[in-house]
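I opened the model to look up a few points of packing and pairing. My notes are kept in the order in which I checked them.

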Amino acid sequence: MNSPPEAASLSELQGRFASALREAGPQSEVAIRQLADCIVDDGLAPARRLQVYRNNARAMFAGALERTYPVLRRQVGEQQFAALAQSYRAEHPSRSGDLHWVGEHFASWLAPQAAADGRAWLAELARLEWACEEAMVAARLPPLAPAELARVAPETLGEVGLVLQPCVRTVSSPFPVWSAWRAGQVDGAGESADLALDAQHVVVTCCDTGLVLHSLPEQQFLFVAALAGGATLGSAVDSTALDLEALPGLLAWIFGEGLVTALRVPDDDNSLAGYVE
Amino acid sequence: MGDVGTARFPGGPIPARAGIGLRSAHQDELVKRRPAVAWLEVHTENYFHDGGPHLAALERAREHYPLSLHGVGLGLGSVAPLDLAHLARVKRAIERFEPALVSEHACWGHAGGEHFNDLLPLPYTEEAVEHLSARVRQVQDFLGRQVLVENLSSYFAYTASSLTEWDFLGAVVERSGCGLLLDVNNIYVNSINLGLDAERFVACIPAEAVQEIHLAGHRRNRVGTRDLLIDDHGSAVCAEVWDLYERAITRLGPVPTLIEWDTDVPALDVLVTEAHKADTILESARELAA
């Protein structure tokens, strides 16, 4: 007498289910068949029932990617974006129960193929959109009043660093990504990105009402990026060869936008202890 | 529960009335208009981060409404280990928003390092009861509070299942000390998709464990000669689900009830109207009990 087949363990079932959700092409048929053996067949084919979950897995992933890259999606169109999402998922499946992270590697993944297609700017646009995604979920702290900088002794000003908002991101691109991003907004529908424009350098930040993107001249951008990287005011000026005449106006803009949260002062300066990062 | 002395928001339990899921499309309008709904629910994972407009909007809304945090990403029944970093973010969200209820699903969601970001069904076996119960205990121990576990919509049944869904959930309640979030739409969806006996489900679920109810819409797909319902939370609650809800409330008494609408999200007033419909049924149950 034959004994009934032993039921699959929880671990085996989840392993088979995962393969059936993950696999594409000819391998998917084997994976689906292996799980279908564990599904009640009541007249509606197990493979058809399983297809609902396969569709869901694909849709959840693509939907999360769309929410992170809405401008890129509008630029390439729904069909091409869906194809990109599927290929990207095969190499970079979701590693978190929080869908926010799904698009983390999309720009770097897209770069080689976009360059090969003569559309390298698409990957640059993706880089800008990921910066936007990060800015949208980062903290925005109370801004520091510019008067605090005025308290610093002039001879030590060069040794002071400006601690920028956690929601500040900097993106420098050889392509006009800021223009492409603006053209791709919902209210900019119909506009096309003018790729004949020069390189653009963008500071991304976020306030209570949403994203704020600033396109800056290269030197000014490099100065802000240096500060964001932890440089002191002196080293930021030196490394970017910033025209000193432009410095007061640039600092007024940085403080005016509320981008500074604290001063980073030399360790031996106790006069500004309250503002030391 | 948070320390009352340091609470940032109004405390107290979620009332046995109807609430709505707060979606980003409504967050500003809700705070401005403050419609007459008794409480709000959000997906916990949408508030895992350090800041941003959505987080600020929920803080503003929380000043006026009790809150439930509903998780969709822990994959409690996964054989792979729990993502402890994810769980720590759940705890941080609880500390930040001081919800009256915290819930997750009787599902699995990740294997081999990959997350499928879906609510995948478990077989109803003794092994799965034991596994899920242990995971729920682990989560409750870490969070220092009870969680509610929600029944799923399913598109297939496992041949390995040896328990009914309600016995499975009842055993998890008994062994973990969790509460239940009863999704009445999911019961109805499973009655069509799997031939589940919806009336028996409502009659047999441990009533004392049910602390919240979900109501939602679904999509009806025709596959050959059969209907397959897709739990897409993208339409109004259907008549059959309202009927089943009434019978559930008759047995359970008034329970906090949420209108869930996550896709094709309509105007805020549509959700409020659905919530008032649930409130009418809850009120009738209160009058009957009086």
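Entry 1, conventions. I am working with a predicted model, in which local features need pLDDT of at least 70, side-chain atom pairs count only at pLDDT 80 or more, and totals for chains, interfaces and linings use all residues. Residues are numbered from 1 along each chain as its sequence is written, with chains lettered from A and ligands numbered from 1 in the order in which they are written.

Entry 2, chain A against chain B. I looked up the contact (C-beta atoms, placed from the backbone, within 7 Å) and found 46 residues from chain A and 42 residues from chain B. On the chain B side, α2 (53-62), β5 (108-111), β6 (114-120), α4 (126-143) and β11 (226-230) each give at least two residues. Helices here are DSSP runs of H or I with at least four residues, strands are runs of E with at least two, and both are numbered from the N terminus. β6(B) has the largest share, six residues. I sorted this side of chain B by class and got 19 nonpolar, 16 polar and seven charged residues. Nonpolar means Ala, Val, Leu, Ile, Met, Phe, Trp, Tyr, Cys and Pro; charged means Asp, Glu, Lys and Arg; the others, Gly among them, are polar.

Entry 3, a sheet in chain A. I traced an open sheet of three strands in the order β2-β3-β4, paired antiparallel; pairing requires at least two DSSP bridges between two strands. The edges are β2 (169-173) and β4 (210-216) of chain A. β2(A) is joined to β3(A), residues 200-207, by five bridges, and Val171(A) lies opposite Val202(A).

I found β1 (18-21) parallel to β12 (257-260) of chain B over three bridges, with Ala18(B) partnered by Thr257(B). β1(B) also pairs in parallel with β2 (40-43) of chain B, over two bridges, and Gly21(B) has Glu41(B) as its bridge partner.

Which way do α3(A) and α5(A) lie to each other? I read an angle of about 110° and axes 10 Å apart for α3 (46-68) and α5 (78-91) of chain A. The axes are lines fitted to C-alpha atoms over the stretch in contact, and angles run from 0 to 180 degrees between N-to-C directions. The pair is therefore roughly perpendicular, a term used for 65 to 115 degrees. Among the contact residues I listed Phe61(A) and Leu65(A) of α3(A) and Phe81(A) and Ala85(A) of α5(A). By class, this contact has six nonpolar, one polar and three charged residues.

Methods. Angles under 35 degrees count as roughly parallel, over 145 as roughly antiparallel, 65 to 115 as roughly perpendicular and the rest as oblique.
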